[in-house]
Amino acid sequence: MRSAVVLGAGGFLGSHLCRHLVGRGWEVTGVVRDADDAQASRRLAPVAADMRLVSGDATRADVIAPLVATADAVFPFAGRSGAADSMLTPEADLDANGHGQLVVLELVRTLRPEARVVFPGSRLQYGRPQSVPVTEDQPQQPTSIYGIHKLLGEQYHQLYARAYGLATTALRISNPYGPHQDRRGGRYGIVGNFLARAARGEPLPVFGGGSQMRDFLYVNDLTELLERAATHPAAIGQVFNASGPCGTTLREMAEAVVKVVGSGAVVDVEWPDDAASVETGDYVGSYDKAARVLGWTPTVGLEEGLQRTWAEFGAELAETP
């Protein structure tokens, strides 16, 4: 039986990864900041009895050292999200998304150098792409503090692989969505936010006409790739785009949400200054490398993914946050 430590297990991606790994027979330990957090408990409820949960700050060595010391794979998902928010609190973002990664890597280096480590990077590392689809060799020129710190984290992981021989892999994750996504704001988790708005019959605001392209990635496709990144020998030392199956405009996504939910309406709004400053323009990632090296391709299209999300979590999404 393989063992995994998931830091940030109560978050959207961390909780889905825990559920995936438990379902595949892994022995999973998840670290959550607050054991009494209702949202984290709800997300992990299906597998809570089949995994170990530890409460504490996942950026503190004394909290996670005993867990890392016996792990076969470490997934450092604890951190902060949000490009626009990162511009308001850059030092806090650095502490969470930069320093936290160094803590993990130092513990792996000293306590468990044979462990696999999978870093959850972001498509925002690329900034404004030169062309689409975006391949892994395109320049990385982030437009936000968050993107810079994700790039920093990836560089830490690659350095520790070169300098110390650690078995690290990095994924540059596109626009993940699925059940239990944070729905409180549109800065990140826009699909979850739009589903909640539509459920309440509220308008779904799209900026600048909504013509920006995105490749929305269903969370189950992502967790499959995360497991392969932690187990496939050819993944060691590599960077992969974790991209959705195809490009979709934000307006098309919003219209698909209205169709699935059966309420709400798409409305055009002007760009807010803070959002415009970090906007990247069209982004559609290429998953050719992941397909070629790991045998992975995304299989869930947007409409199917929205239907699955709504079917599993519609009642809770309809609640007022």
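A residue counts as buried when its relative accessible area is under 20%. The exercises below use this cut-off on a predicted model.

**Exercise 1. Which residues of helix 9 are buried, and what does Gly262 do just after the helix?**

Solution. 
Step 1. Locate the helix: helix 9 covers residues 250-261, which makes 12 residues.
Step 2. Apply the cut-off. The buried residues of helix 9 are Leu250, Met253, Ala254, Ala256, Val257, Val258, Val260 and Val261.
Step 3. Check the span. From first C-alpha to last, helix 9 reaches 17 Å, close to the 16 Å expected at 1.5 Å a residue.

**Exercise 2. Describe the length and the burial of helix 8.**

Solution. 
Step 1. Helix 8 runs over residues 219-231 and has 13 residues.
Step 2. The distance from its first C-alpha to its last is 19 Å, close to the expected 18 Å.
Step 3. Of the 13 residues, 10 are buried, so by the under 20% cut-off helix 8 is mostly covered.
Step 4. Name some of them: the buried residues include Val219, Leu222, Leu225 and Leu226, and also Asp221, Glu224 and Glu227.

**Exercise 3. Which strands pair with strand 6, and are its faces covered or open?**

Solution. 
Step 1. In a regular strand the side chains alternate between the two faces of the sheet.
Step 2. Sort the residues of strand 6 by side. Ala167, Thr169, Leu171 and Ile173 lie on one side, with Thr168, Ala170 and Arg172 on the other, and all are buried. Both faces are therefore covered by the under 20% cut-off.
Step 3. Find the first partner. Strand 5 (residues 116-122) is joined to strand 6 by 7 bridges, and the two run parallel. Within this pair, Arg116 stands opposite Ala167.
Step 4. Follow the chain between these strands. From strand 5 the chain passes through helix 6 (residues 145-164) to strand 6, in a right-handed β-α-β crossover.
Step 5. Find the other partner. Strand 11 (residues 239-242) is also parallel to strand 6, with 4 bridges between them. Phe240 in strand 11 is the bridge partner of Leu171.

**Exercise 4. How many cavities of 30 Å³ or more are found, and what lines the largest?**

Solution. 
Step 1. The whole structure holds 3 cavities of 30 Å³ or more.
Step 2. The largest cavity contains about 40 Å³ of space.
Step 3. Its lining includes Leu7, Pro76, Phe77 and Val104.
Step 4. Sort the lining: 7 residues are nonpolar, 3 are polar and none is charged.
Step 5. Helix 5 (residues 90-111) gives the most to this lining, with 4 residues.

Technical notes. Residues numbered from 1 in each chain as written. Predicted model: local features only at pLDDT ≥ 70, side-chain atom pairs only at ≥ 80, totals over all residues. Heavy atoms only, no water. Buried < 20%, exposed > 50% of the residue type's maximum accessible area, 1.4 Å probe, protein only. Pairing = 2+ DSSP bridges. Right-handed = clockwise from strand over helix to strand, strands pointing away. 1 Å grid on protein atoms, 1.4 Å probe; cavity = no way out; pocket = protein on both sides within 12 Å on 5 of 7 lines; lining within 4 Å. Points joined across faces, edges and corners; volume = space filled by probe spheres on them. Nonpolar A, V, L, I, M, F, W, Y, C, P; charged D, E, K, R; others polar. Expected span 1.5 Å × (residues − 1).
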